[in-house]
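These are my notebook entries on a structure that I looked up. I began with contacts between charged side chains and then turned to the strands.

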Amino acid sequence: MAKVVFLIMSDDVKMDLALTMAANTVDTNRYEDFKVIFWGPAQERLLRLEGPAKDNFEKLLRAGAIDSACINYARNKGIDQQLTKMGIKLHPAGDRVAYYINNGYQVLVF
């Protein structure tokens, strides 16, 4: 089985679709291991989630599938404290993506 990480950058319907696919992935154990990283505009969108997208995010958080969001982007936008209050760890996105690639994960970008 493959190891996969979703890198979610979109702040629109693409993000909602990625969250749906990610939540379904957690439910079905499609991969050996599965993680999600939020980067860029998606981090701001996290603060405005509602309905099914918010439910899917919370499911991912409870399942431990969310690795992190980018600390540098969050600090530059002044949203770092809001994201950590949501239970999201903050790390440099480049470091996290490199970690997963170096450990054999396939990266899917949304």
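I found that the side chains of Asp 16 and Arg 45 form a salt bridge, at 2.6 Å from N to O. Asp 16 belongs to helix α1 and Arg 45 to helix α2 (residues 41–46), so the pair ties together parts that are 29 residues apart in sequence. By salt bridge I mean a side-chain nitrogen of Lys or Arg within 4 Å of a carboxyl oxygen of Asp or Glu. Helices (H or I, at least four residues) and strands (E, at least two) are DSSP runs, numbered from the N terminus.

I noted that this is a predicted model, in which local features need pLDDT of at least 70 and side-chain atom pairs count only at pLDDT 80 or more, while totals for chains, interfaces and linings use all residues. Residues are numbered from 1 along each chain as its sequence is written, and side-chain values use heavy atoms, with hydrogens and water left out.

I looked up accessibility next: Arg 45 is buried at 13% relative accessibility, whereas Asp 16 is partly exposed at 22%. Buried means under 20% relative accessible area, exposed over 50%, and partly exposed in between (1.4 Å probe, protein chains only).

How many salt bridges does the whole structure hold? The search finds 3. One of them joins Asp 67 and Arg 96 at 2.7 Å, N to O.

I then traced the open sheet, in which 5 strands follow the order β4-β3-β2-β1-β5 with parallel pairing. β4 (90–91) and β5 (106–109) stand at the edges with a single partner strand each, so one side of each has no neighbour in the sheet. Two strands pair if DSSP finds at least two bridges between them.
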